[in-house]
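Q: Hey, I've just opened this one and I'm new to it. Can you walk me through it?

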Number of protein chains: 2
Amino acid sequence: MYISAQKAAQIDALLMGDHYAFSLEQLMELAGLSVAHAAADYIRQQWQHAPPRVVVACGPGNNGGDGLVAARHLHHLGFHTCIWYPSGARSALFTALLTQARALRIGVHHTAEQVALRRCDVVLDAIFGFSFDGAAGVRQPYRRMIESINDSAAPVICVDVPSGWHVERGDVHEVAIRNARALVSLTAPKLCARRFEQRGGAHYVGGRFVPPSLCEALDFDVVRYERERVITRIA
Amino acid sequence: MYISAQKAAQIDALLMGDHYAFSLEQLMELAGLSVAHAAADYIRQQWQHAPPRVVVACGPGNNGGDGLVAARHLHHLGFHTCIWYPSGARSALFTALLTQARALRIGVHHTAEQVALRRCDVVLDAIFGFSFDGAAGVRQPYRRMIESINDSAAPVICVDVPSGWHVERGDVHEVAIRNARALVSLTAPKLCARRFEQRGGAHYVGGRFVPPSLCEALDFDVVRYERERVITRIA
């Protein structure tokens, strides 16, 4: 059930290949929506009064893009949301996602000082995903970003992989998210999610768009979802 | 609360303009997902056992595109679904949407004979939307399509506007869907939805992505949604 980094890359390549024909934009919209629904479900269970501010920490790649989409949907779900995005948009798609968020008056910040992270905030960690390679360490400004989140002691909901974690071996690197409370795996849990579950974290899977024939071709489990839910909680 | 055809066109133009920066692909994905959730909700209430086959009747424009997306999500929601699409894809986006559906082994048919519509089926009517102009009558093959649906006496769930209805004045044309049981309005109900409600039909609104500032700018109501639902039933 838990997949390697290589298999996660194969899933994405197949989804966007000729046979399944998804675009990155479409997958990011559906993934980000799932992340927002999972985060909303978790937050509503933990904070029955006074829902916190959600700080969406976005990295430079597609995990960050999922975060930009999730921030917009979280706003529509009724949460006070801001985006922390040091890298800035690097393609037309990311520019559009930022414009969509700004049009909802979601604040977009570049530095830790601008974000002013507090212990009462919830952080949605969309810094690094399954293509993170920890061998070279975490480069700036993402190292500072992870350290600021750890220093704040704010609870963290992670998108696909807790940032800085080894995708397969888990929390083995020096610079990594320490206060992960919930994880939203996209399409299928990565191997590091086992370690996450062993620590008692809440674990959701999102991706009610993965064709069963693709699960079969790459030998990973079809996720079951209830009624019209786009996420399912598995731990 | 109920809007004109002109205002519906303005909403779409603004959503895809520089300020809000949505792409057609993104809006179609979110709209189609809403349609699938509303159809699933309605069908589950009406058919407690033996869920029917859902025949998704798609027209040549964007209403048809919403149908192609909805067919895919309905499949993921557990419904036996097929697509009736006489026109065939007319752009790369529509070709991709069809490929995505076919990869789920959703049948795609061109003619009424291939579809073999039965009274026990449910039809999702995505033939014409808010840009339909009834003045010139309904051209072929869509006229035949509407007549076949009426002849089958199958219950119909309509996307945005019952096909053949005048967007504002309702069921005033000779060739039009007669057996509409449910309506899924996208972003905001069109004026014809009043007539639909007066006949006792179930009425859903989908579009939990419309920026409140856009509602304000064009003077139409912000729709309220519960928890993580992407649709709301208003009648």
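Predicted model: local features only at pLDDT ≥ 70, side-chain atom pairs only at ≥ 80, totals over all residues.

Q: Okay, and is B:Ala21 buried or exposed?
A: B:Ala21 is buried, with a relative accessible area of 18%; the cut-off for buried is under 20%. B:Ala21 also has a positive phi of about 60°, although it is not a glycine.

Q: Which residue in chain A has a positive phi although it is not a glycine?
A: A:Ala116 is one, with a phi of about 50°. A:Ala116 is in the loop between α5 (112–115) and β4 of chain A. A:Ala116 comes out as partly exposed, at a relative accessible area of 42%.

Q: Let's zoom out. How many helices and strands does chain A have?
A: Chain A has eight helices and eight strands. Its radius of gyration is 16 Å, close to the 18 Å that the globule rule gives for 235 residues, so chain A is as compact as a globular protein of that length. The C-alpha atoms fill a box of roughly 45 × 40 × 35 Å along the principal axes.

Q: And how much of chain A is buried?
A: Buried residues are 61% of the 235 in chain A. As for contacts between residues at least 6 apart in sequence, 74% of them join residues at least 24 apart.

Q: What about the surface?
A: Chain A exposes about 9,300 Å², and carbon and sulfur atoms supply 47% of that.

Q: Switching topic: where does UniProt put the "binding site" feature?
A: The unreviewed UniProt entry puts it at A:Asn63, A:Asp125 and A:Ser163. Those residues span 101 residues in sequence, yet no two of their C-alpha atoms are more than 9.8 Å apart, so they gather at one spot.

Q: Tell me about A:Asn63, then. What's it in?
A: A:Asn63 sits in helix α3 (residues 62–76) of chain A. A:Asn63 is buried, with 8% relative accessible area. Leaving aside neighbours within four places in sequence, A:Asn63 is in contact with residues including A:Asp125, A:Phe128 and A:Asp160.

Q: And A:Asp125, which strand is that in?
A: A:Asp125 is in strand β4 (residues 122–126) of chain A. A:Asp125 counts as buried, at 0% relative accessibility. Beyond residues up to four places away in sequence, A:Asp125 touches several others, among them A:Asn63, A:Cys158 and A:Ser163.

Q: What domain does the record give for chain A?
A: The unreviewed UniProt entry lists "domain: YjeF N-terminal" at residues 8–216 of chain A. That span is 41% helix and 16% strand, and its end C-alpha atoms lie 14 Å apart.

Q: Last topic: which peptide bond in chain A is cis?
A: The bond from A:Gln140 to A:Pro141 is cis, with omega near 0°. Most peptide bonds are trans. A:Pro141 is in the loop between β4 and α6 (142–152) of chain A.

Q: And what about chain B?
A: The bond from B:Gln140 to B:Pro141 is cis, with omega near 0°. B:Pro141 lies in the loop between β4 (122–126) and α6 (142–152) of chain B. The C-alpha atoms of B:Thr111 and B:Pro141 are separated by 8.9 Å, though the two are 30 residues apart along the chain.

Notes
Residues numbered from 1 in each chain as written. Chains lettered and ligands numbered in written order. Heavy atoms only, no water. Helix = DSSP H or I, 4+ residues; strand = E, 2+ residues; numbered from the N terminus. Rg over C-alpha atoms; globule rule 2.2 N^0.38 Å. Buried < 20%, exposed > 50% of the residue type's maximum accessible area, 1.4 Å probe, protein only. Contact = heavy atoms within 4.5 Å. Areas by Shrake-Rupley, 256 points an atom, 1.4 Å probe, with all protein chains shown as cover. UniProt positions renumbered as here; feature names shortened; annotations may be inferred.
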